[in-house]
Amino acid sequence: MNFLIEDRKTRIYWNPYFGGFLLGLILLFSFYMSGRGVGASGGIKSAVVATVNAVAPTHAENSAYFSKFLKGDKSPLNTWLVFQMLGVIAGAFFSGAINNRLKIRVQHSPKISPKTRLWFALLGGFLFGGGAQLARGCTSGGALSGFAANSLGGLIIMVSIFGSGYLFAYFFRKLWI
Amino acid sequence: MGPLIPNEIISPEWNHVFAVLIGIAFGIVMESSGFSSSRKIMGSFYAYDFTMIRVFMTAAITALIGVLYMDYFGWIDRTELFVVPTYLGATIIGGALMGIGFLAAGFCPGTSFLAAAIGKVDGMVFIGGAFLGILFFGEIFPLISDFYYANYLGHITIEESLGIAPDWLALIFVVIAVAVFYVLSIIRKSVQKVKY
């Protein structure tokens, strides 16, 4: 299936337009079946709410933010996005397995140490997690699904994530090139 | 008439089953497109590999056009799709923070799960960071809730805010995407290769 492979020498990844087209079709299928788009940060948020609720239930109920996502006796983990994210993990594992990409490792530019890489991954995750709460969606749920559903909010999330990325890319260049 | 599960043409018990199936399909396609590699994703910001932008924009315009077709065929009513509420200030600042997080980590939440699923420790650490970031946000929420709820524009669509018909809007986005793809292919040839 050579047409799937962009770089025939390495034979690693699918052609990006083919992958993007399939991704769009899956998103459409999700709209058609469940009436909603896909997401990712919402799944992590459910895990946070469930953890806070398990460790300190009164604190979760009194929290102005976490209490918004508590619905009676129903577990905060019992949401569409959590199930979808479990599927994503399984799908990625499957794709990694058939392409020989399963390996415990830290991927980083040779110019930085694994330790630096992990600290910046932690920092980036922290900013992304917090930013997604403020913007009410991340790249998947906010930008991609929101834009496809014609939300102005989705378009603004998309433009501000990539705009800020290109604007500040210079300052982070030593991590990548 | 879709969406099938909310309209109970398919029983709601199936909703989480389809959530898992849709997730699996997403995971396979994104991992196979290279989204489990932070260095491949960041190529789009440093001009050595534009895969991320190409996949993302192709998916966005495919879904945008597809929604119009599904509405035209009467499969779904596009006006019933969930439109996220727009709070202008919070969305822009939140997006800017995510952009900086993206540069620092090379992942967004979705791609970090792909990386973690195939054993990349940096992906797992990112998820931990996102967990802490959300926890932190929840704890400081009373301090920032005024800003969080400021500049509310409602559940507003792109066409309502710009006053352009949806089919013309889709055409404009397709033209923008094709132009971007063309420009990227030119830039790509003039930038030094980065091995990763």
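These questions and answers tour a predicted model.

Visitor: What pLDDT does chain B average?

Guide: In chain B, 100% of the residues score at least 70. The average pLDDT of chain B is 95.

Visitor: How many residues of chain A are in contact with chain B?

Guide: On the chain B side, 109 residues take part. Several helices of chain A each supply at least two residues, including α1 (16–34), α4 (80–98) and α7 (152–168). By class, the chain A side has 64 nonpolar, 34 polar and eight charged residues. The number of chain A residues in contact with chain B is 106.

Visitor: At what angle do α5(A) and α6(B) pack?

Guide: Helix α6 of chain B covers residues 121–148. Its contact with α5(A) has 19 nonpolar, eight polar and two charged residues. The axes lie 6 Å apart, and the helices pack at an angle of about 40°.

Visitor: Is the crossing of α5(A) and α6(B) left-handed or right-handed?

Guide: The test is which way the near helix is turned from the far one, by less than a right angle. Clockwise counts as right-handed. For α5(A) and α6(B), the crossing is right-handed.

Visitor: How far apart are the C-alpha centres of domain 2 and domain 3 of chain A?

Guide: In chain A, domain 2 spans 37–104 and domain 3 spans 106–177. Seven residues of domain 2 of chain A are in contact with nine of domain 3 of chain A. The domain 2 side has three nonpolar, four polar and no charged residues. The C-alpha centres of these domains lie apart by 19 Å.

Notes. Residues numbered from 1 in each chain as written. Chains lettered and ligands numbered in written order. Predicted model: local features only at pLDDT ≥ 70, side-chain atom pairs only at ≥ 80, totals over all residues. Domains from an automatic or database assignment. Contact = placed C-beta atoms within 7 Å. Nonpolar A, V, L, I, M, F, W, Y, C, P; charged D, E, K, R; others polar. pLDDT = per-residue confidence, 0-100. Helix = DSSP H or I, 4+ residues; strand = E, 2+ residues; numbered from the N terminus. Axes fitted to C-alpha atoms, helices over the stretch in contact; angles between N-to-C directions.
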